[in-house]
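Please walk me through this model in the viewer. Tell me what to select at each stop and what is there.

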Amino acid sequence: MVVIREDDVVQSVANALQFISYYHPVDFIQAVHKAWEKEESPAAKDAMAQILINSRMCAMGKRPLCQDTGIVTVFVKVGMNVRFDTEKSLDDLINEGVRQAYTHPDNVLRASILADPAGKRQNTKDNTPAVIHTELVPGDTVDFQVAAKGGGSENKSKLVMLNPSDSIVDWVVKTVPTMGAGWCPPGMLGLGIGGTAEKAAVMAKESLMDPVDIHELQERGPQNRAEELRLEIFEAVNKLGIGAQGLGGLTTVLDIKIKDYPTHAASLPVAMIPNCAATRHAHFELDGSGAAELTPPSLDDYPEISWEVDENVRRVDLNTVTKEEMEAWQPGDTVLLSGKMLTGRDAAHKKMVDMLSKGEELPVDLKNRFIYYVGPVDPVRDEAVGPAGPTTSTRMDKFTRTMLEETGLIGMIGKAERGPVAIEAIRDNKATYLMAVGGAAYLVAQAVKKAEVVAFPELGMEAIYEFDVKDMPVTVAVDTRGSSVHQTGPEEWKAKIAQFDPVKMVES
């Protein structure tokens, strides 16, 4: 009988979570690079370049790919001949590994998990507990698949109970545009088909642990209906023209993953879960010989890509920018920001709006300022701030009009699209919304030269900071007239893709 020591489980989980915080899977790097090479949309190509540069920087600096270091999900297959040398539960061992990983002093990871989710929503401070799925199987090893899933992509998960005669492809094509770009494409879509509602959701998540291999499947051809569906959905979703970060382009998904299971004759459950540009997962096995060892990718596996400042790029001084200056900005323009900006996410916005409704003075002056929707990772060594990429902006939509009209705020920076309510408020107040690339958090953080908490320190990573930045790259997403690049870009590229010669598409 194989004996697995307590410490081997803890250390293996902790090491794996540190490992995936800064190393993309090589297959994912290669897939993004291939998409970058063929991309014809300048905005989407630029976004993918930032993702690839960020990936290489994180591998070298051993710092998180994304400021949202995720909720931990673990799939464990325990061989029935295995015995654990511990008095603790397997869940306790895994959660101790999570705690150690997220509080590691050399690479602190952001604590994002809140207990009492429908009540106080109090941060657990160490990102525990993980979501753990355990299965007993024949054998004498313990197989682990460990992932860290960001909230932006997790929030776009979908579940539907279709009729058996309904088209799964049609549902996916109809549903993906409703997800917006908050899941940070390009990434993967995992589908679970069959079983029951909860079985479909678990299968969708587990399918995302598999490597990117859609191009190999295209070359050899499908061997069953699930593989046929992968190819059909891959082609159909990319024809939508959503593109990297929702800016419009040729590649929205890098792969489609499917797991299925027998289901009731009256049912067709389908769950769809996206994986973002910060795809993070690792696979290891314990056999009683010690903790698992993961092999880092070689720097040769990363493409050498540079991000050049185009002569048309606008340089903006946040300390002096005016609404009149902003009127010249066009959707899709690249802007380099320098100067001082404030930060704030959901919790800070709610506190400020509540204070305004009571006639209370805010702890910060927002007049003629920009606010960045970010919850950064804590800094280590000589960093001003840890990885500091944007969070999904639509969560702040309901606060936008109040913030613009009652504080004098003139601009916002975040991730993905804004909804109609926010766009109307931006247009009515001649404000603007800028987009930073989701999945390039370490790259963005290099622009932050100084950071200090200026309000609501009790909110932890959701506190209000003041950042002093130099040449922070962003894209004009909604201009002062209310025109959104997340509407115009995908519409333009969907039309272009429809006009492409199918033969050339196959050859490319």
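Start with the interface: domain 1 and domain 2 bury about 2600 Å² between them, 59% of it on carbon and sulfur atoms. Buried area here is the accessible area (1.4 Å probe) that two parts lose on being put together, summed over both. The model is predicted, so local features need pLDDT of at least 70 and side-chain atom pairs count only at pLDDT 80 or more, while totals for chains, interfaces and linings use all residues. Residues are numbered from 1 along each chain as its sequence is written, and side-chain values use heavy atoms, with hydrogens and water left out.

Select Gln-50, Arg-63 and Gln-67. Together they supply 25% of the area that domain 1 buries against domain 2, more than any other three residues.

Now colour the domains. Select 2-289 for domain 1 and 314-491 for domain 2; these bounds come from an automatic or database domain assignment. Their C-alpha centres lie 28 Å apart. Show the contacts (heavy atoms within 4.5 Å): 35 residues of domain 1 touch 35 residues of domain 2.

Zoom in on Arg-63 and Glu-383. They form a salt bridge, with the closest N and O atoms 2.8 Å apart. The rule (a side-chain nitrogen of Lys or Arg within 4 Å of a carboxyl oxygen of Asp or Glu) finds 1 salt bridge across this interface.

Finish on helix H3, residues 42-61. This helix gives 8 residues, the largest share of the side of domain 1 that touches domain 2. Helices are DSSP runs (H or I, at least four residues), numbered from the N terminus.

Conventions: Helix = DSSP H or I, 4+ residues; strand = E, 2+ residues; numbered from the N terminus.
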